[in-house]
2 protein chains.
Amino acid sequence: MPEESSEDVFKIIVATDIHLGYGEKDVIRGNDSLVTFEEILENAKKHEADFILLGGDLFHENKPPRRIMHGCISLLRKFCFGDKPILFEYLSDQSADFKHCQFPTLNYEDTNLNVSIPVFSIHGNHDDPSGQGNLCSLDLLHSAGLMNYFGKTTSLEKIEMSPLLMQKGSTKLALYGLGSVRDERLHRLFVHKNVTMLRPKENQEDWFNVFVIHQNRAKHSTTSYIPEQFLDDFLDLVIWGHEHECRLEPEWNSSQNFFVSQPGSSVATSLSEGETVKKHIGLLQIKGKNFKITKIPLTTVRQFYMENVVLSETELDPNDLDIGKKVEAYCSEKVEAILQKAGR
Amino acid sequence: MPEESSEDVFKIIVATDIHLGYGEKDVIRGNDSLVTFEEILENAKKHEADFILLGGDLFHENKPPRRIMHGCISLLRKFCFGDKPILFEYLSDQSADFKHCQFPTLNYEDTNLNVSIPVFSIHGNHDDPSGQGNLCSLDLLHSAGLMNYFGKTTSLEKIEMSPLLMQKGSTKLALYGLGSVRDERLHRLFVHKNVTMLRPKENQEDWFNVFVIHQNRAKHSTTSYIPEQFLDDFLDLVIWGHEHECRLEPEWNSSQNFFVSQPGSSVATSLSEGETVKKHIGLLQIKGKNFKITKIPLTTVRQFYMENVVLSETELDPNDLDIGKKVEAYCSEKVEAILQKAGR
């Protein structure tokens, strides 16, 4: 399935963990997250995406600095408004799907706004609802008509997810989303069968089912992650947010019969192995029950490099009287080499 | 000049010092400021105002709580978007008038936004630009397309104000605005003739000149206020923000040959005499070189009452052995009477 502009193909730009505002006080890297967000939006425009799907942590801080919120607002207004027509239909009840929002409507169906690329996002653990009114940064963007914030849960005891239903030509998409919940709590809710994914009543087999989730995928402790086998097996594709390593290539889970794609973060927020993997976003194309994810490399991201140094494998002699200085010189040389590589 | 829908009459809702978020943590009064802002917007809709003019301090805090920012965004989207046509023309260069903004455009001239009631606002001392990027809350609203933020100064040494030029039928309006500047500094700039109001080159006499300012009007010390005589005498009307007492009735300044109207705050933020005056907003109508301000009482504002108690004028006897208790009882009675009056 090459990229095509068929009237039956959903084209979706998939990204997650953009962490707007990460390192915003850093003199050199302060604008990195905004710059890469702009690159993502440019890609959506260039590929004529039907919409953008974000997997949470659009913001790095629960209360983003004003400059960062302003930058985000400006970019969304610049790239997501315009005359490009919306080529898919919305089939479910938006007033129910967005009932947690002050404006329970899709931004692009508001006749007062001329939206060209709708953004759909769940919240992450960094930008989750809090405080009076249980609001998050995405609520501000949603109410301003700049994006569509979905997957907000209100109950602590029972989670029922209704999919956003969309159709483009003959392709039917059921989009499930669940904003970040504390892992242990969600784990318990799953164990007690208190998480339900509702399905369309008719022609269940015709829908392509996508689920966007923002949780630990890696097993940290027994209950501080969500095992893939907890998820319903009628799903076709799970977009996994929160984990920062880019593993966009869909991985087949044979016990669940679904694929998992993990876009990873678009900005490196920690000096970890996972962040050294080249950053990409995905162009997800869906036609009927088939899909394909094309990796789009992000060119604005500062590449991280990491190298393990095992001194026993070097020619350095531990009995050397000057060993301290020599190890220092050896490491310093390594660091310089990495810096040179990064500078290229 | 009764309220009319003549094609030559500008109808402008004038308000100031709305202080969104004042007392927002108070269990009883927490929503007062938002409720009254809604009343103001409702009035603009009801009177079919051409636009709303705000004199600064829309927000009480420089960094408003998320709930308050969200409430403001929601109200602006609810009331200021829609199909009502804009009946006046913009004549000056918006890219120059709003050059301090990320989007140097009027929201209602953006073809992607369907604005029914434009809001024009300067900033006050509570919501002035600060921090990285020198941004304020109004920048967020402007960039989101929810209002038009003008009167932002960038130079500390020289202020040059160009008016926003608008025309409705035969009426020509030149609107000058200056966001809050520290009084002492602005005072000094005026003294050194470093504040200039630029005027349209042609037909200068045809314009109705309004100036919106947010400074101390009352003389606190020699330089901590702006004397009215500092202002250019070609002005026809000065809308004075910052001062909380409602003195909407235009006051004639005979040395300057202009009127001053002081809308006052729409929420009482201090237990002072000025705040006990009944709160109003204004409906400013301008036709040619004539204008009229109609007072619109705000019905949602909690009325403050104040009473001076002069014990020597009462029948209380200072030599009475029980005088302490009696004074307490007397005051308590007074307070109860005021509370009863307020409860009505």
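## Cysteines

In this predicted model, A:C80 is buried, because its relative accessibility is 2% and the cut-off for burial is under 20%. The closest cysteine sulfur to that of A:C80 belongs to A:C72 and lies 9.2 Å away, too far for a bond. A disulfide would need the two sulfur atoms within 2.5 Å.

In chain B, B:C101 is buried as well, with a relative accessible area of 7%. Its sulfur is 8.6 Å from the closest cysteine sulfur, that of B:C136, which is also too far for a bond.

## Open sheet of chain A

Chain A contains an open sheet of six strands with mixed pairing, in the order β5-β4-β2-β1-β14-β15. Strands β5 (148-149) and β15 (290-297) of chain A each have a single partner strand and stand at the edges, so one side of each is left without a neighbour in the sheet.

Within this sheet, β1 (residues 9-15) and β2 (residues 51-54) of chain A run parallel and are joined by four bridges. A:I13 has A:I52 of β2(A) opposite. Helix α1 (residues 32-46) of chain A packs on the sheet, where it touches β1, β2, β14 (280-287) and β15 of chain A. The direction of this helix makes about 175 degrees with that of β1(A).

## Domains of chain A

The domain assignment divides chain A into domain 1 (10-297) and domain 2 (311-343). Taken over C-alpha atoms, the centres of domain 1 and domain 2 of chain A are separated by 44 Å.

## Strand β7 of chain B

Strand β7 (residues 164-168) of chain B is mostly covered, with five of its five residues buried. The cover extends to both faces of β7(B): B:L164, B:M166 and B:K168 are buried on one side, and B:L165 and B:Q167 on the other.

What pairs with β7(B)? Strand β3 (residues 89-90) of chain B runs antiparallel to β7(B) and is joined to it by two bridges; here B:E89 stands opposite B:Q167. Strand β8 (residues 171-178) of chain B also pairs with β7(B) in the antiparallel sense, over five bridges. One of the residues involved is B:K168, whose bridge partner in β8(B) is B:T171. β7(B) and β8(B) form a hairpin with two residues between the strands, in which B:G169 takes a positive phi near 55 degrees.

Definitions and conventions. Residues are numbered from 1 along each chain as its sequence is written. Chains are lettered from A and ligands numbered from 1 in the order in which they are written. This is a predicted model: local features need pLDDT of at least 70, side-chain atom pairs count only at pLDDT 80 or more; totals for chains, interfaces and linings use all residues. Side-chain values use heavy atoms; hydrogens and water are left out. Two strands pair if DSSP finds at least two bridges between them. Contact means heavy atoms within 4.5 Å. Axes are lines fitted to C-alpha atoms, for helices over the stretch in contact, and angles run from 0 to 180 degrees between N-to-C directions. Domain bounds come from an automatic or database domain assignment. Buried means under 20% relative accessible area, exposed over 50%, partly exposed in between (1.4 Å probe, protein chains only).
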